[in-house]
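Hi,

Here is the structure I promised to pass on to you. Have a look at it first, and then read my notes below.

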Amino acid sequence: MQRLVDILLAFKEYVVLTFLIVVSIILLNSNDNSQIRAIRSYTVGFFGVTQDFISIVPNVFALKRENEILRQLSVNLSDEVNRLREARLENMRLREIIGLKEKTIFKLVAGEIVGKNIHLLRNTITLNIGEADGAKPDMAIISEHGLVGKLIAASDHYSVGQIMLNKDFRSSAKIQRNRVDGIISWSGGEIVNLENISKMQDVKEGDVVTTSEYSTIFPPDVKIGYVSKVSDQPGSLFKNIEVTPSVEFSSLEQVFVVIASVDSERVALENKIARKK
C-alpha cells in the first residue's frame, strides 16, 4: 500500500491531470446543453474521419508478413505442380508399358535402368534385375517404343545391356512394308545403319524397320525405327540406309527383358555349317 502511495506522489501531476480529464468527460457527457451536444457530435465525427484515414494507410509489417506467406504458398504450389506433372508422365509411361506387356506373346521381366553410359563407342545400360529374376546374357531388351539392345552380362541382382548405339551390336532386321531384310549396325551418332541391302531392293524413306525372324536372340516384329535416309554408295552393290531408332536412349528409364532361351539345336547346326565354309 505504501508503495502505491509513493508512486501516486511521484506522479501526482499526471494523476491530477488524468482525474481532471475524466471529470471533464463525465461533465460533458452529462451536460445536455445544445452547444455541448454540438461539440460532442463534432468530436465523434473527427475521431471517425481520423480512424477511417488511418485504416487506409497500409500496415508495412502486416504486408511484409502477408508477402512471406504468399511466397511460401507459391513455392509449395510450384512443388506440388512439379510432382503432379512427374506423376502424370510416370502414369503415361506405365500405361504404355502395361499395354506392351498385355500385347506381347513373350515372357517379360521389367527392370529399371540404374546406370547408363551412352557417350562412348560401346554404350551400355545397367539394370536392377539379374539372374535371380531370370535375366541372362543374350536376352533381348525392349521398351514400349521398340528394340533397345541385348544383355551381355548378369549377376544375381544386376545386369548390363548392350544398346543399339554400340559398335559391336548387330541384329537382323527387315523392312516391314516389303520384308526386305538386312543387318542393323551402328557406327556413331544418333542413327543406326541397315546394311546388306542391294541397290535393286525397294527401300524408301519413312519405311518402318523391325526385327526379323532370323535372329536367335531378338524376337521378330519388334520395331527398330524408320528409314530416315537412302542413298547409293559409289562402287558398291549396296545402298546406304540410315535408320532413326524409335527408342530415345537418352531419356530411357524402364525396359523389359525378354525371357527366352536360345534354341541350342539350331545354334549348334548353324555353327557347324559355318565352320565348314
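**What I found**

Let's start with Ser171, which sits in strand S6 (residues 171–175). Keep in mind that this is a predicted model. Is Ser171 buried or exposed? Its relative accessible area is 2%, and buried means under 20%, so Ser171 counts as buried. Leaving aside residues up to four places away in sequence, Ser171 touches Leu147, Gly182, Ile183, Ile184, Thr211 and Phe218.

Now zoom out a bit. Strand S6 is part of a closed barrel of six strands, in the order S6-S7-S8-S11-S10-S9, and the pairing is antiparallel. On average, neighbouring strands in this sheet are turned by 40° against each other, ignoring direction. Asp232 stands opposite Lys239 in S11.

There are also two aromatic pairs in the structure. In one of them, the ring centres of Phe11 and Tyr14 are 6.4 Å apart and the planes are at 50°, so this pair is tilted. Phe11 is partly exposed at 45% relative accessibility, while Tyr14 is exposed at 56%.

Phe169 and Phe218 form a tilted pair too, with 5.5 Å from centre to centre and 55° between the planes. Why does this pair tie together parts that are 49 residues apart in sequence? Phe169 lies in the loop between S5 (159–166) and S6, and Phe218 lies in the loop between S9 (208–211) and S10. Both of these Phe residues, Phe169 and Phe218, are buried.

Cheers

Conventions
Residues are numbered from 1 along each chain as its sequence is written. This is a predicted model: local features need pLDDT of at least 70, side-chain atom pairs count only at pLDDT 80 or more; totals for chains, interfaces and linings use all residues. Side-chain values use heavy atoms; hydrogens and water are left out. Two strands pair if DSSP finds at least two bridges between them. Helices (H or I, at least four residues) and strands (E, at least two) are DSSP runs, numbered from the N terminus. Axes are lines fitted to C-alpha atoms, for helices over the stretch in contact, and angles run from 0 to 180 degrees between N-to-C directions. Buried means under 20% relative accessible area, exposed over 50%, partly exposed in between (1.4 Å probe, protein chains only). Contact means heavy atoms within 4.5 Å. Rings of Phe, Tyr and Trp (its six-membered ring) pair if their centres lie within 6.5 Å; planes under 30 degrees apart count as stacked, over 60 as edge-to-face and the rest as tilted.
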